Number of protein chains: 2
Amino acid sequence: MQLITIDDIEAAAARTSASVVRTPLVPCLWADDDRPLWLKPEQLQPIGAFKIRGAANAVARIPEDVRSHGVVAYSSGNHAQAVAYTAKLYGVPATIVVTTNTPQVKIDATARHGAKVVVVPPADRESAAHEIVEKEGGTLVPPFDHPDVIAGQGTIGLEIAADLPDVEVVLVPVSGGGLIAGIATAIKAKAPNARVIGVEPELAGDTTDGFRHHHLPDWSTDDRARTIADGLRSTPSELTFAHITKLVDDMVTVSEDQIREAIGVLATRSQQVAEPSGAVTTAAYLHADLPKGRTVALVSGGNIDPALLAEILSGLQS
Amino acid sequence: MQLITIDDIEAAAARTSASVVRTPLVPCLWADDDRPLWLKPEQLQPIGAFKIRGAANAVARIPEDVRSHGVVAYSSGNHAQAVAYTAKLYGVPATIVVTTNTPQVKIDATARHGAKVVVVPPADRESAAHEIVEKEGGTLVPPFDHPDVIAGQGTIGLEIAADLPDVEVVLVPVSGGGLIAGIATAIKAKAPNARVIGVEPELAGDTTDGFRHHHLPDWSTDDRARTIADGLRSTPSELTFAHITKLVDDMVTVSEDQIREAIGVLATRSQQVAEPSGAVTTAAYLHADLPKGRTVALVSGGNIDPALLAEILSGLQS
C-alpha cells in the first residue's frame, strides 16, 4: 500500500498556511521533572480542532471546476465543521452528514458555517454521504481515509519537530487514524529519535487491540460509541492502519474517569478548554506507563459541551 | 519624562525569547463581518498570563552579582508568579508580597515556584515590599512602573504587528498601565495606522477617568478593589500614564456582567480559559462603542478560580 511521504506533508503545509493557525508548543509547569511536557493546542484552530488542516488540504486539492459543484462530508463533528468552514472560504456549497449521537454544540457550529446538515444513525453515516454524492453531485471529503487529509494533519508533526527538535515522546489521540498517520510520518522524517504513541479511550480501544494483535481493528460501532470522547469513535481504514503499523511505536488506553480528570487539569492548570477527545493525551501523560523524556501531548480539539465542562470544574476542590 | 522606545522592546524580545511562548493570533469565527476579530492568547504563557514577559526582561537586566541576592515583588497575583518563575529559572531566591484579596489559586501557584509568599492588606503591599528589600536585600521587580517591565510587555505589540500588519484596532486591558504602555509603543512604531484602545472594568475605571480629564488617575484602593477583575485593580504610575497620554487613542469601560459573559464566550466559542481581567477586551468587543476594522483583543491571562468558571458555564444555555 502506498503511504504518504514527508514531501506530501511539506506541500500540504505550504498549501494550507493561510487557513490554519500556527500553534505554539506550550510548556506545562505542572509536569514531572524527568519528563517535561509541552501541549500542542489545536483547539485554537478556527473551528476549535485540528481537523481544519486535513480538510483545507483536501479541498484545496480538488480541481476548481469540480470543487464548484460542492463538497460532502460525514463526521462525528469536528471534521464536519472543518469541511463546512473550508467550503465557505472557497464559496462552494457543503452538505454534512452527522450522526444522532453528535453533540448539539457541534451540529449548531456546522450549520453556522452555512452548510446543509443531515442527521442519521451512527452506522449509516458513510452510506448516507455516498448516496448524497451519487444523487446530488459534489466531492466527498472523507474524515481520515484519504492521502490529502492525512498529509494535512501531518503538518502538526512538522511544527512539533521544528519547535522541539529533540522531542522524545509524541502523544496523539487515535480515532480513524488519519491524525497519527500524518504526524508519525512527519516525526519519523524530522525527529527520528522520538517515539510516537497513540492514545485511545479504553471503551474505544479498537486500534490498540488491533495494533497488539496485528490485525485491522474490528470493534463494532456500538462498542466504540460508549466513550465520552465523541471524536474518537471511528475506526482506522486499511490506509491509516498501514501507516500506524509501520510508523507508530506504541498504543495506550485511558479510562473515562482519567479523561474527565485531564479536562479539569487542562482547564485549571494550563488554561485550555479541551473536549474529551482532546484530553486523552494528557490523561495518558498523567496515568499511562510511558517512556521518560521530553513529551508533547496533542490537544486535538476544544468543542466540549459547556454543561460537561461546568460539571467537571464543579467537582474540583477550589 | 523619558518614555521607552521601540529599540528597548526589540532588545527585550531578543532577551526573553527563550522564556516566553510566541503566541499566535487566533481568528474568531463568531466575530462581526465588518470587524473581524483575532485573540492574542497570553494565558498560554508558562504562568498563565502575559506578566512573564516583563518579569523575564527585568530580571535578565539585573547584573548577575546583584541578582544572586534575590528578587522581591508585590503583585495582585500574576506578576507574583512571573517573578517567582523567573527567579527559579535563574536559580535565585524570590520573596513575593501579595494582598489579602488575592485569589488562593494565585497564591498557591506562586508558592509552587519555590518563592516565599508574604500576605498583607491591599494598601500596604508596596511599603511591605520596600521594607523587605531594605531589611533583607534583593532587587525589587515592580509590576509595571519600570522601563524594563514595560519593554518586556511591549513584545506582545511587536508580535501583533508582525502577524497582522494591517491591524486597525488593538484592545488592551489596563491596570497599572505597563502592558498598554509597551504595546502602544510597539504598535505606533510598527503598525502606525492602528488605534490602541485601553479597556477597564467600570468599577476600576480610574485610568479612563484620568484619560478623559487629563490628570493622573486618583481612585482609592478600595474603589478599585470592587471589580471581579482582580488583575485590574492597580492604578498607573506617572511613567505608565505618560505613555498612555501620548500613545493610547481611547479608553473604554465594561460592566461586571459583561466581563462574566465574555468569559463564557471565550470558553465556549473560542476554547480559551480567561480570567476576568483577561476577558475585558472581549467584553469591550461585544459591548463597547468601538471603531470598525480588523481588531485584536488581548486575552491577558487565564488564572481563574475554577468555581467561578463553573458558575459562569452552568448559567449558559447548553
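Domain bounds, as used in this tour, come from an automatic or database domain assignment. The structure is a predicted model, in which local features need pLDDT of at least 70 and side-chain atom pairs count only at pLDDT 80 or more, while totals for chains, interfaces and linings use all residues. Residues are numbered from 1 along each chain as its sequence is written, and chains are lettered from A and ligands numbered from 1 in the order in which they are written.

**Chain A as a whole**

Select chain A. Its secondary structure amounts to 14 helices and ten strands; helices (H or I, at least four residues) and strands (E, at least two) are DSSP runs, numbered from the N terminus. Chain A is as compact as a globular protein of 318 residues, because its radius of gyration of 18 Å is close to the 20 Å of the globule rule. That radius is taken over C-alpha atoms, and the rule is 2.2 Å times the number of residues to the power 0.38. Along the principal axes, the C-alpha atoms of chain A fill a box of roughly 55 × 45 × 40 Å.

**The two domains of chain A**

Colour residues 6-47 + 146-314 of chain A as domain 1 and residues 52-140 as domain 2. Their C-alpha centres lie 23 Å apart. Where they meet, 26 residues of domain 1 of chain A are in contact with 24 residues of domain 2 of chain A; contact requires C-beta atoms, placed from the backbone, within 7 Å. On the domain 1 side, the elements giving two or more residues are α1 (6-16) and α7 (147-163) of chain A. The most comes from α7(A), with seven residues.

**A residue in strand β8 of chain A**

Next, select Val199(A), which lies in strand β8 (residues 195-201) of chain A. Is Val199(A) buried or exposed? Val199(A) is buried, with 32 other C-beta atoms within 10 Å. A residue counts as buried if 20 or more other C-beta atoms lie within 10 Å of its own, exposed if 12 or fewer, and partly exposed in between; C-beta atoms are placed from the backbone. Among the residues that Val199(A) touches are Leu171(A), Val252(A), Val280(A) and Ala284(A).

**The open sheet of chain B**

Move to chain B and show the open sheet of four strands, in the order β5-β4-β3-β6, with parallel pairing. Two strands pair if DSSP finds at least two bridges between them. β5 (116-120) and β6 (139-140) of chain B stand at the edges with a single partner strand each, so one side of each has no neighbour in the sheet. Helix α6 (residues 125-136) of chain B packs on the sheet and touches β3, β4, β5 and β6 of chain B. Within the sheet, four bridges join β3(B) to strand β4 (residues 94-99) of chain B, and Tyr74(B) stands opposite Val97(B) in β4(B).

**An enclosed helix of chain B**

Select helix α2 (residues 52-61) of chain B: eight of its ten residues are buried, so the helix is largely enclosed by the rest of the structure. Ile52(B), Arg53(B) and Val59(B) are among the buried residues. Their cover includes α1 (6-16), β3 (71-74) and α8 (178-190) of chain B.

**Where the chains meet**

Finally, display both chains: 27 residues of chain B are in contact with 27 residues of chain A. On the chain B side, β1 (26-28), α12 (256-269) and α14 (306-314) are the elements that give two or more residues. The most comes from α14(B), with six residues.

Technical notes: Contact = placed C-beta atoms within 7 Å. Axes fitted to C-alpha atoms, helices over the stretch in contact; angles between N-to-C directions. Lists of a residue's contacts leave out its neighbours within four places in sequence.
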